[in-house]
Amino acid sequence: MSENNFYITTPIYYVNDVPHIGHAYTTIAADVLKRWHRSGGEDSYFLTGTDEHGQKIQTAAEKRGITPIELCDEVVQNFKKLWDVLNIDNDDFIRTTQPRHEKVVQEVFRRLKASGDIYKGEYEGWYCVPCETYVPEAQMGEGQTCPDCGRALTKMTEETYFFRLSKYTEPLLKYYEEHPDAIMPKNRYNEVVSFIKSGLRDQSISRTTLKWGIPLPGDEAHVIYVWFDALINYLSALDFPEENGKWRKYWPVVHHLVGKDIIRFHCVIWPAMLMALGITPPVRVFAHGWWTVEGDKMSKSKGNVVDPFEMVDRYGRDPFRYFLLREVPFGHDGDFSEFAMVRRINSDLVNDLGNLLSRSLQMIDKYRGGDLPMTYTAADIDNEIKECAENTFKEMDALVGRFAFDEALKTLWTFIGRANKYIDETEPWKLGREGDKDRLDAVLRVLWESLRLSAVLVAPFMPETACGVWQQLGLDGSPLDLGRANWQWGKADKQIKVNRVGILFPRIDIEKWKAQKNARDEEKRLKSDPKANYKYEEAKPQIEYDDFAKLDLRVAMIEKVESVPKADRLYKLALDLGSEKRTIVSSIKEFYKPEELQGRKIIVLCNLKPAKFRGVESNGMLLAASSPDKSKETITLLTVIDDTIPTGSQIN
């Protein structure tokens, strides 16, 4: 391992949804770190990718009538397209369905099983289907709900393999005591250490009720649990465990960027797995916050989900990148506002950087025909600007090193503001009128140098913008390809002619923007209104009481759920009606999993004439409500909330 190496990763993103602002935020931050450290002369490696196994993927694929891998192949393209749109310069993109990853996951399992850190047992606990994780009773929300997503938990018992996480309680505490910067920000460090001190339990790492996953070597009735599988991607992408694999070069100089919701996986389970393999834990895990939208949680139903494709199309990739990292301290929750982004574009990008470039090049054109003065005698104020530039680099380097992107950009913009003020202080237009050639040459050269260094320092954050400034300054190549040696004052050593081609950023007319934004919001509101697609059925004719009295409605409990052979929509339900047992066939398979039905008390029409479906006799009909939203068919069972009502009770 060399101190001159730098390995940065994002989480691998779950392919159950389209990319959103959270995905963009993490990946842009990782991209900036990779570019910054590379420009500093380090051998930087940037990994991102997708997590493609698990129950949610299998279920989503079944609903669409395609295979899980077909679903993954389709959705993964959305992430790759977004990385291209955002100008992400990743070195690798790993998918957990790739053979290279599956091979490493199985090898890790073999090694940990051979060492005794994995053993076979039986697990009984409360399971969250959407989160695909068991939840300890001490962490359950009110009413046996998941503490993360708030949904109801399901009691499950299954044969499983366990990872001896409890064995690593003390080693983890010792490691974090010796490496207090291994988890950032500090409040996350405190959270993790407190969690470890509360006691760690061995973790279930396999499933028998799921088929979409990596087969467990030697016991293929099991598949490896998605979280155990997913974490190993950081090694499998580096050719672990090959003796000459990239992992020998980049481990443990690995920096994981994650959302705060998955910090325990990365700071408790993952380092314990690495310790069990004899590998040093990551040098740093940084957990950033979440985004809300103008004070509200993002929600499809509210129509306020921020689409990064849309933001880039409307405002440009670099303004979007700049805003996300400048607006909120990395590690804190942030509130996204288009209006705030428009204001930053007009103030920071148009008024500050854009204005500095435009004024400086215009004066070089006007007074020197576009030719950059090659020699000049510096005055005290010129040396002050030079010293400010050098301090800006040093401060930014320290700030980026601790992931303080907003502070780093603020520091750079302070320098840009100082350069703009320098124009007003030196009054080059006055020097031009008075014919003070030597002093004017010095001022023009200081402004050009200020812009050159600004382009170099902003390049990791705004690559496209930096390249645009570079070309207008008359420089060859790209600021993205320069090393730290070029972060110095006075690097121009040949005749240069500037190439002024126009404004860097167009100013946004606020009043026009507000009118357009209101129109867009109204259109989104209409589209997201859940009642927009509702079609209510006409009321049926009135009946006499005697007609209603003919219905025998009773409470029944579902004892067993089976699929009807060769029927995609049908379940065979075994019911307990108190005084008798019944079988009902119902077309609710696409809306409920067996474990969601078993044990429920429902309402059944008992005196309906029997009928056969696919050779199975159905004796009765359950009651359910269908949504009036015709854009999305949904069926909801009518269930008995009061569990004290006995089965067989009649509904009057």
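**Local features in questions and answers**

Visitor: Is D552 buried or exposed?
Guide: The model is predicted, with local features needing pLDDT of at least 70, side-chain atom pairs counting only at pLDDT 80 or more, and totals for chains, interfaces and linings using all residues. Residues are numbered from 1 along each chain as its sequence is written, and side-chain values use heavy atoms, with hydrogens and water left out. Buried means under 20% relative accessible area, exposed over 50%, and partly exposed in between (1.4 Å probe, protein chains only). Because its relative accessible area is 18%, D552 is buried.

Visitor: With which side chain does the side chain of D552 make a polar contact?
Guide: D552 is found in the loop between α20 (545–549) and β15 (553–563); helices (H or I, at least four residues) and strands (E, at least two) are DSSP runs, numbered from the N terminus. A polar contact is a pair of N or O atoms within 3.5 Å; within protein, one must be able to donate a hydrogen and the other to accept it, and residues adjacent in sequence count only if both atoms are side-chain atoms. At 3.0 Å, the partner of the D552 side chain is that of R554.

Visitor: Against which helices do the buried residues of α18 pack?
Guide: Helix α18 spans residues 463–472, and its buried residues are P463, T465, A466, V469, W470 and Q472. Packing is judged by contact, meaning heavy atoms within 4.5 Å. The helices packed against are α1 (21–39), α12 (317–327), α13 (338–368) and α17 (437–458).

Visitor: Which kind of aromatic pair do F109 and Y161 form?
Guide: Rings of Phe, Tyr and Trp (its six-membered ring) pair if their centres lie within 6.5 Å; planes under 30 degrees apart count as stacked, over 60 as edge-to-face and the rest as tilted. With 5.6 Å centre to centre and 75° between the planes, the F109–Y161 pair is edge-to-face.

Visitor: How many residues apart are F109 and Y161?
Guide: F109 is buried, with a relative accessible area of 1%, and Y161 is buried at 6%. The pair links distant parts of the chain, F109 being in helix α4 (residues 99–114) and Y161 in strand β6 (residues 154–163); they are 52 residues apart.

Visitor: Which residues form one aromatic cluster?
Guide: A search of the whole structure finds 30 aromatic pairs. One aromatic cluster is formed by Y25, F286, W291, F323, F330, F336, F403 and F405.
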